[in-house]
Amino acid sequence: MFGILLTAGAALAEEISASVGKWEAIRGKEGVFSLGFLNYFWVTLFLFTFAFLIPKDFFAPGFPSGFVFNMASLPTFLPRVGLEILQALAGVYALVMADRSTIGFLHIITIPLLLVVDVALSYSVGMPQIAGMSFIIASLVLIFINHGIKRNGAWLVVFCAVNAVATISLFKYDVTHFNSVEAEQGIVSLVLVIFFFIMALAKTNQNPLKLLIHPVFFTQSFLMGAGSSVMGFAYYYGAASVIASAKRALNILFAVLSGNIYFHEKKFWVKIVSFLLIVIGLVLLAR
């Protein structure tokens, strides 16, 4: 239960940050690379603070904590860094181009694909899981035939959903066998901060550090950092499939609400029905 509560708080913080970032990017107040920088700036600071200042075993006794990085993780860690750069780059473009609800619904593709990976690795899959996948597929069919998903940026969202199968699997493997969350996520986030900072200066001639002095951008960055940091620890308190399922469901709910309230997206009730079908499907998948 505690893992679900952490997930809910993280998803809400991330949605508020994403909605603010999308709004400011549409208004031309921040470039897409500055948006990426702000998304990862605070999470990097939080994770390194956790690594060096918070007592070991404070968050999850029995799991690696502090700054623990095992060089034996490099064969899985380095590919993850490359995939995370692609994920972050596609993600910021999708954030600006796609509807909030489109991102929420299409991200759900990750969950059935994770189940396919489990099957490929010889894990048993029962009737509840098959039924769960059927509900998720039905929800996506419903939203598509009612034109509830726009094409703008949709291919970027699909890429992120598929790529997340690899990044989540590599993350879970590394923090289970080698590294602490703080070290694993901290190094990845630092790489992304440096990447987006260089790209912002080189491509848009905008220094994203200067944006942090403005309350709106500071809040946007801080909420994303807090949400992302909390999300990393949520995986300690529950099975990866349960936490990932809860996050996807909550992402959809918050995205549909913000899309309707702030961005005036249409087909609200169709999206709510689709959301309920997805919740049923995720509950079955997590059994």
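**Figure 1. Thr7 in helix 1.** Thr7 counts as buried, at 0% relative accessibility; buried means under 20% relative accessible area, exposed over 50%, and partly exposed in between, with a 1.4 Å probe and protein chains only. Thr7 has its place in helix 1, which covers residues 2–26. Helices (H or I, at least four residues) and strands (E, at least two) are DSSP runs, numbered from the N terminus. Apart from neighbours within four places in sequence, Thr7 is in contact with Met231, Ala234, Ile243, Ala246, Lys247 and Leu250, where contact means heavy atoms within 4.5 Å. The model is predicted: local features need pLDDT of at least 70, and side-chain atom pairs count only at pLDDT 80 or more, while totals for chains, interfaces and linings use all residues. Residues are numbered from 1 along each chain as its sequence is written, and side-chain values use heavy atoms, with hydrogens and water left out.

**Figure 2. The whole protein.** The protein has 12 helices and zero strands. Of its 287 residues, 51% count as buried. Among contacts between residues at least 6 apart in sequence, 86% join residues at least 24 apart. The accessible surface comes to about 13300 Å², and 73% of that surface belongs to carbon and sulfur atoms; such areas come from the Shrake-Rupley method with a 1.4 Å probe, and for residues only the protein chains shown count as cover.

Figure 3. A search of the whole structure finds two cavities of 30 Å³ or more. On a 1 Å grid over the protein atoms alone, a cavity is a set of points where a 1.4 Å probe fits but cannot get out, and lining residues have an atom within 4 Å of a point. The largest cavity has a volume of about 1100 Å³; grid points are joined across faces, edges and corners, and a volume is the space filled by probe spheres set on the points. The lining of the largest cavity consists of 40 residues, of which Glu14, Tyr40, Gln87, Ser228 and Lys247 lie nearest the centre. Helix 3 (residues 74–97) gives the most to this lining, with eight residues. By class, the lining holds 21 nonpolar, 12 polar and seven charged residues. Here Ala, Val, Leu, Ile, Met, Phe, Trp, Tyr, Cys and Pro count as nonpolar, Asp, Glu, Lys and Arg as charged, and the others, Gly among them, as polar.

**Figure 4. Ser73 in the loop between helix 2 and helix 3.** Ser73 is buried, with a relative accessible area of 0%. Its side chain reaches the backbone oxygen of Asn70 at 2.7 Å. Leaving aside neighbours within four places in sequence, Ser73 is in contact with Asp174, Phe178 and Asn179.

Figure 5. Phe50 belongs to helix 2 (residues 32–53) and is buried, with a relative accessible area of 19%. Ala131, in helix 6 (residues 127–145), is partly exposed, with a relative accessible area of 28%.

**Figure 6. Asn205 in a loop.** Asn205 is found between helix 8 (181–204) and helix 9 (208–211). At 69% relative accessibility, Asn205 counts as exposed. Phi of Asn205 is near 55 degrees, a positive value in a residue other than glycine.

Key. On a 1 Å grid over the protein atoms alone, a cavity is a set of points where a 1.4 Å probe fits but cannot get out, and a pocket is an open set with protein on both sides within 12 Å along at least five of seven lines; lining residues have an atom within 4 Å of a point. A polar contact is a pair of N or O atoms within 3.5 Å; within protein, one must be able to donate a hydrogen and the other to accept it, and residues adjacent in sequence count only if both atoms are side-chain atoms.
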